[in-house]
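This briefing reviews selected features of a structural model, grouped by topic. Please read it alongside the sequence and coordinates shown below.

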Amino acid sequence: MDRTLKIYTKTDHLFAEFVFSYNHPRQATAHYTQYHRLYNDDEEDENKSVYPGFDTETYLDFRQFDSIEQIKNYDIEVAKKELGRDMTDPRGYNYVYDATPVLLRYIVTNRIGGMVNILFSFAGNTKEVKFLSAVHPRFDFDISSNSLETNINCITRIPLYVDRDVWEISSRDLKRLEPWY
């Protein structure tokens with residue numbers, strides 16, 4: 001369910017960006033940035049330049065969704081609440097989820113170690129999870145999922161083999177690296 005929502009004004013200027021993250025079980029956060037136009041309304045603005053004005057993070061109530069449409073409606077409600085505006089007028093704002101896949105990396109810091117790569121596209125409803133073991137390549141593991149499952153839920157499904165025992169990865173064992181865009 002990790003995703004980035006970009007909100008554009010009717011003049012195609014970036015107005016706000018929300019990055020929804022689910023880095024712990026049953027916890028959700030949204031980091032959002034509100035942008036300001038570089039030029040006033042009465043000036044010509046061909047390049048749609050904006051600069052960040054307000055930047056903060058908020059904790060959200062965790063919800064399990066049944067469809068992508070439910071998530072999109074929820075995101076609009078969160079944006080409306082956090083930005084303090086009525087943003088339901090379809091002519092006023094354009095809500096965009098980028099279809100370009102995003103790569104997130106998590107380092108597994110328990111005694112087994114390794115790295116988890118998650119390549120996902122919320123708009124494309126795809127998620128590919130690859131665990132690269134620090135012990136041996138035969139312990140590598142792949143999972144495919146959709147955008148309704150959180151990254152942490154996918155990661156906890158990865159079995160870790162140690163001396164014929166199977167261990168699980170918990171959120172305490174992970175260090176998330178910031179994505180590169």
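Are Phe18 and Phe20 buried or exposed? Both Phe18 and Phe20 are buried. The model under discussion is predicted.

**Aromatic pairs**

- The model contains seven aromatic pairs.
- Phe18 and Phe20 make a stacked pair, with 6.0 Å from centre to centre and 15 degrees between the planes.
- Tyr22 and Phe62 pair edge-to-face, because their planes stand at 80 degrees, with the ring centres 6.1 Å apart.
- This second pair links distant parts of the chain, since Tyr22 belongs to strand β2 and Phe62 to the loop between β4 (50–60) and α1, 40 residues apart.
- Tyr22 counts as buried because its relative accessibility is 2%, below the 20% limit.
- A cluster of Phe18, Phe20, Tyr32 and Phe54 is linked by ring pairs.

**Nonpolar cores**

- The largest nonpolar core comprises 23 residues, and those with the most contacts inside it are Ile7, Phe18, Phe20, Tyr22, Leu60 and Leu83.
- Two or more residues of this core come from each of the elements β1, β2, β3, α1 and β5 (93–97).
- A second, separate core has 18 residues, among them Leu104, Ile143, Ile158 and Leu160.
- Leaving aside residues up to four places away in sequence, Phe18 touches Arg3, Thr4, Leu5, Ile7, Ala30, His31, Tyr32, Val78, Ala79, Glu82 and Leu83.

**Salt bridges**

- Side chains of opposite charge can pair when their charged atoms come close.
- The count of salt bridges in the model is six.
- Asp75 and Arg3 form a salt bridge through their side chains, at 2.7 Å from N to O.
- Because Asp75 lies in helix α1 (residues 68–83) and Arg3 in strand β1, this pair ties together parts that are 72 residues apart in sequence.
- Asp75 is buried, with a relative accessible area of 0%, and Arg3 is buried too, at 1%.
- Glu17 and Lys6 form another salt bridge, in which the closest N and O atoms are 3.8 Å apart.
- Glu17 is in strand β2 and Lys6 in strand β1, so the bridge ties together parts that are eleven residues apart in sequence.
- The relative accessible area of Glu17 is 19%, and the residue is therefore buried; the limit for this class is under 20%.
- Lys6 is partly exposed, with a relative accessible area of 26%.

**The five-stranded sheet**

- Five strands form an open sheet in the order β9-β8-β7-β6-β12, and their pairing is antiparallel.
- The edge strands, each pairing on one side only, are β9 (141–145) and β12 (174–177).
- On average, neighbouring strands of this sheet are turned by 20 degrees against each other, direction ignored.
- Strand β8 (residues 126–133) pairs with β9 in the antiparallel sense over five bridges.
- Which residue of β9 is the bridge partner of Lys130? The partner is Asp142.
- Lys130 and Asp142 also form a salt bridge, with the closest N and O atoms 3.6 Å apart.
- Lys130 counts as partly exposed at 41% relative accessibility, whereas Asp142 counts as exposed at 52%.

**Backbone positions with positive phi**

- Most residues other than glycine have a negative phi.
- Asp12, which is not a glycine, has a positive phi of about 70 degrees.
- Asp12 is located in the loop between β1 (3–9) and β2 (14–24), and with 49% relative accessibility Asp12 counts as partly exposed.
- Arg26 likewise has a positive phi, near 60 degrees, and is a residue other than glycine.
- The position of Arg26 is in the loop between β2 and β3 (27–37), where Arg26 counts as exposed at 64% relative accessibility.

Conventions. Residues numbered from 1 in each chain as written. Heavy atoms only, no water. Helix = DSSP H or I, 4+ residues; strand = E, 2+ residues; numbered from the N terminus. Buried < 20%, exposed > 50% of the residue type's maximum accessible area, 1.4 Å probe, protein only. Pairing = 2+ DSSP bridges. Axes fitted to C-alpha atoms, helices over the stretch in contact; angles between N-to-C directions. Salt bridge = Lys/Arg side-chain N within 4 Å of Asp/Glu carboxyl O. Core = buried A, V, L, I, M, F, W, Y, C linked by side-chain atoms within 4.5 Å. Contact = heavy atoms within 4.5 Å. Phe/Tyr/Trp six-rings, centres within 6.5 Å; stacked < 30°, edge-to-face > 60°.
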